[in-house]
Amino acid sequence: MPDAATSASTDPDVDQLDAPCRALAEAADAVGEAARYASGLALGARLPAAALARGGRTRRGWRTLLRTLTDPAGLGWAPRGRGVARAGRLAGILASRESLAVSIAVCGLKARIRTVSAGRPELLEDPGAAAVLRAVAAGHQAEAVRLFRTIVREQGAEHAFSLLAPSFADILAWNALTDANPFNDHAGWQVATGRAETAEPLLGIGAAFRAFCDRGPGLPERPPTGLASGRGPVRRRVTGRPQRPAPRPADGGLRGHAAALRTHAVRLRGAAAAPGWQGPESDALRAEVANLATRCATAAGGLALAAAQLQDQ
């Protein structure tokens, strides 16, 4: 009885972590869309030509936009879209340049994995699952994927998926967003944010990735842990994956995106203070989310300044 009471008082409240996980996913989507819009302006043909021809406020606005798209304290290396923006994004991946949108998405994936494992303490009793979760906690996503594949090879896919679902989808997405392969990013982004990305021809997976990663009726459920095991009441499994992503700003201009990022900065600060995150690892996660919130606010300031200089409405 005392052990159960102690466990109940120190374990994270899984239900309270649903909103913070969703806030991270929606913030990543908003930052990605703001970067896409700003990239279209700064790296397109119209604004650079006007800036070089007219000078003055237009040139200052263009330079502000370029600095905002490459500010390590804000959007990071953030070109997104087509043409020059796509080339810039690929160059950033090859050079291991960090992007705020990806960092928020990865943070959300890590938070979801921790949330799921907190709601299923029996995972720590399985050596393979415990090894995967330790790699996740240490930030070694490639090792986590390797360990998961070892479970699949040695014990079968059905056992591995029933053991770690839905965490394995998030682990694979995390690896896709952080590896050096730019062609699987859309699949990882789709899982992380719930927002579909257009797949590259032949190399993309698209919606099939989500369909493959979702648990189906053919996979057996893990036996729940509850009062019978002396660990307290059964807790609801929370994945944090948004069913419907937050709507994009009605005003698609720089001002609208700046306002959206300010709103998400406030939400991320609230997520960092979520009472369900407890323990040393959670303290590190809180600090990471708070830093991401500060960077969102910095990026919003840069977009707002560029909008004022360009007289963007």
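Is Ser96 buried or exposed? Ser96 is exposed, at a relative accessible area of 66%; exposed denotes over 50%, buried under 20%, and partly exposed the range in between, with a 1.4 Å probe and protein chains only.

Good morning, colleagues. The model is predicted, so local features require pLDDT of at least 70 and side-chain atom pairs pLDDT 80 or more, while totals for chains, interfaces and linings use all residues. Residues are numbered from 1 along each chain as its sequence is written, and side-chain values use heavy atoms, leaving out hydrogens and water.

The chain holds 14 helices and zero strands, these being DSSP runs of H or I with at least four residues and of E with at least two, numbered from the N terminus. Of its 313 residues, 50% count as buried. Contact means heavy atoms within 4.5 Å; among contacts between residues at least 6 apart in sequence, 70% join residues at least 24 apart.

To return to Ser96: this residue occupies the loop between helix H5 (84–94) and helix H6 (100–119). Ser96 is not a glycine, yet has a positive phi of about 60°.

Let me turn to helix H11, residues 185–193, which includes Thr193. Thr193 is buried, with a relative accessible area of 1%. A polar atom of the Thr193 side chain lies 2.8 Å from the backbone oxygen of Trp189.

Trp189 also has Arg80 over its face, 4.7 Å from the ring centre. A charge sits over a ring if NZ of Lys or CZ of Arg is within 6 Å of the ring centre and within 35 degrees of the ring normal.

How values were computed:
A polar contact is a pair of N or O atoms within 3.5 Å; within protein, one must be able to donate a hydrogen and the other to accept it, and residues adjacent in sequence count only if both atoms are side-chain atoms.
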